[in-house]
Amino acid sequence: MSQPSVLFVCLGNICRSPLAEAALRARAVEAGVAITIDSAGTGDWHVGRAPDPRAQALAMAHGIDISGYRARQVTSEDFRRFGYVYALDPQNLKDLRRIEPSRHMAEVRLLMDMVPGRKGTAVIDPYYGDQHDFEQAWADVCAAADALVKRFR
C-alpha cells in the first residue's frame with residue numbers, strides 16, 4: 001500500500017493552506033505516519049512568494065519554520081499526483097470542481113468536513129484579519145490535521 005498524499009488548497013497559498021501543510025506535517029511526524037503533503041492556491045497572485053509573514057510567525061511560535069515554502073497554483077496534474085485534495089473553503093472547492101480533470105483518482109473535499117461537527121464550514125481566511133483570525137485558522141487546520149492523522153494511521 002502506498003502512503004497517502006494530501007494537497008491543501010486555498011486562494012493564494014500564502015496563509016491557510018501553508019498553515020494546513022505545516023500542521024499536518026508536524027502531526028504526522030509526531031504520530032509516525034508517513035504522508036506526502038503539499039499546498040497550492042487556486043489563484044496565481046502569489047506564485048513563488050513565501051507565506052504571509054503573519055503565518056510564518058504563527059507557525060514559528062509553534063516550532064515550525066515555513067519560511068522555505070513557496071506559493072504555487074494548483075494544476076490539473078495535482079488531481080493525479082495526490083490521493084486527497086482538500087479545499088479550505090466552499091468557494092475554493094467550487095473552483096477546484098471547475099478545473100478538475102474528468103479522469104482522476106483524487107478525493108476532492110472540503111477540509112473541515114473531516115472534523116466532527118464542522119461539515120460544510122470553512123477555515124477562516126485571516127488575510128484581511130488580525131492575529132486572532134490567524135490563531136483561529138491555526139486551530140482549525142490543527143483539528144483537521146489531527147483528524148487526518150487518525151484517518152491515515
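In which sense do β1 and strand β2 pair, and over how many bridges? They pair in the parallel sense, over 6 bridges, where strands count as paired if DSSP finds at least two bridges between them. Before I go on, please keep in mind that this is a predicted model, in which local features need pLDDT of at least 70 and side-chain atom pairs count only at pLDDT 80 or more, while totals for chains, interfaces and linings use all residues. Residues are numbered from 1 along each chain as its sequence is written, and side-chain values use heavy atoms, with hydrogens and water left out. Helices (H or I, at least four residues) and strands (E, at least two) are DSSP runs numbered from the N terminus.

Let me stay with β1, residues 5–10. In β2, which spans residues 36–41, Gly41 is the bridge partner of Cys10. β1 also pairs with β3 in the parallel sense, over 4 bridges, and there the partner of Val6 is Tyr84. As for cover, 6 of the 6 residues of β1 are buried, meaning under 20% relative accessible area, with exposed being over 50% and partly exposed in between, for a 1.4 Å probe and protein chains only. Ser5, Leu7 and Val9 point one way, Val6, Phe8 and Cys10 point the other way, and all are buried.

Now to the other strand pair, β3 and β4, which run parallel and are joined by 4 bridges, with Val85 partnered by Val108 in β4. The chain crosses from β3 through α4 to β4 in a right-handed β-α-β crossover; right-handed here means that, with the strands pointing away from the viewer, the path from the first strand over the helix to the second runs clockwise. In β4, Val108 and Leu110 form a covered face, whereas Glu107 and Arg109 form an uncovered one.

That brings me to α4, residues 90–99, in which Asn92, Leu93, Asp95 and Leu96 are buried. Why do these residues lie on the same side of α4? Because they cover an arc of only 160° around the axis, the arc being that of the directions from the helix axis to the C-beta atoms. The buried residues of α4 pack against β1, α1, α3, β3 and β4, with contact taken as heavy atoms within 4.5 Å. The face turned away from that buried side carries the exposed residues Lys94 and Arg98. Finally, at the start of α4, a side-chain oxygen of Asp89 reaches to within 3.0 Å of the backbone nitrogen of Gln91.

Methods
Polar contact = N/O pair within 3.5 Å; in protein donor to acceptor, adjacent residues only side chain to side chain.
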